[in-house]
Amino acid sequence: MTDRSFTDATIVVLGATGAFGSRITRRLADAGARVVATGRDEAKLADLPAASTVAVDLTAPDAVERIAAAAGDRVDGIVNAAGVVAFGALADTDPEVIDRLFTVNTTAPLRLIGALLPRITDGGFIANISGVVAEQPMAGLTPYSASKAAIGSATVALRRELRKQKIDVIDLRPPHTETGLADRPLSGTAPKLPEGADPDVVVDVIIQTIRTGAREAGPKDFA
């Protein structure tokens, strides 16, 4: 297993202002990483211990280009913690909401990974947070489940694609977690959900999984 050091590593964190992304950014910075933090909220980005920040909406036409430019010539890792959610039956979901779900949760992260792959050093990593719905799709969450399953499937395929390179590709599927995302849906209203996992505990597992270079961490690994 890898015993990865984050000291002086350049790591791009997508969704760095969210509950997962902000904690991941702080943990990586505390471990000596140079974090390139991205998110929509400029004020929240300013509060993070990041070496550089990019305030950008992932649906913007130039989002990937701006993040790639900030990352520099050498990248040691990418953590994709970006995510949006929508609730309700598929028939009641606006097509624009579906498009945004896939752009933020799937398309933009994949485009960025593709742009940065030539810059990722030997021993580097790509970590995508897909979530439990990637393997356990839920009614009332059809487009969201599909977008997360898509990034999860892409993660597995990319790992196979890069099998001869020294780059770890990590699929992270935490259970429902108290991130507050359910209170900020693009549309619909969240159903009554059981109490979720503690985000600090979940991020502990995420950081440990990246450190060791494990291929994945599924819902049970976060218990």
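A residue is called buried when its relative accessible area is under 20%, exposed when it is over 50%, and partly exposed in between, with a 1.4 Å probe and protein chains only. The model is predicted, so local features need pLDDT of at least 70 and side-chain atom pairs count only at pLDDT 80 or more, while totals for chains, interfaces and linings use all residues. Residues are numbered from 1 along each chain as its sequence is written, and side-chain values use heavy atoms, with hydrogens and water left out. Helices (H or I, at least four residues) and strands (E, at least two) are DSSP runs, numbered from the N terminus.

**Helix H1**
- Helix H1 (residues 19–30) has 12 residues that should span 16 Å at 1.5 Å a residue, and its end C-alpha atoms, 17 Å apart, agree with this; the expected span is 1.5 Å times one less than the number of residues.
- Among the buried residues of H1 are Phe20, Ile24 and Leu28.
- The buried residues of H1 pack against strands E1 (10–14), E2 (34–39), E4 (75–80) and E5 (120–129), and also against helix H6 (199–212), where contact means heavy atoms within 4.5 Å.
- After H1 comes Gly32, whose phi is positive, near 100°.

**The sheet and the helices on it**
- An open sheet is formed by 7 strands in the order E3-E2-E1-E4-E5-E6-E7, with parallel pairing; two strands pair if DSSP finds at least two bridges between them.
- E3 and strand E7 (216–217) stand at the edges with a single partner strand each, so one side of each has no neighbour in the sheet.
- E2 and E3 run parallel and are joined by 4 bridges, and Thr38 stands opposite Val54 in E3.
- Helix H6 lies across E4, E5, strand E6 (167–172) and E7, and runs at about 155° to E6; axes are lines fitted to C-alpha atoms, for helices over the stretch in contact, and angles run from 0 to 180 degrees between N-to-C directions.

**Salt bridges**
- A salt bridge is a side-chain nitrogen of Lys or Arg within 4 Å of a carboxyl oxygen of Asp or Glu, and the count by this rule comes to 10.
- Arg100 and Asp57 meet in a salt bridge (3.0 Å, N to O), which links helix H4 (residues 95–116) to the loop between strand E3 (52–55) and helix H3 (63–71), the two residues being 43 residues apart.
- Arg173 forms a salt bridge with Asp171; Arg173 is buried at 11%, and Asp171 is buried at 5%.
- A network of salt bridges links Arg23, Arg27, Asp200 and Asp204.
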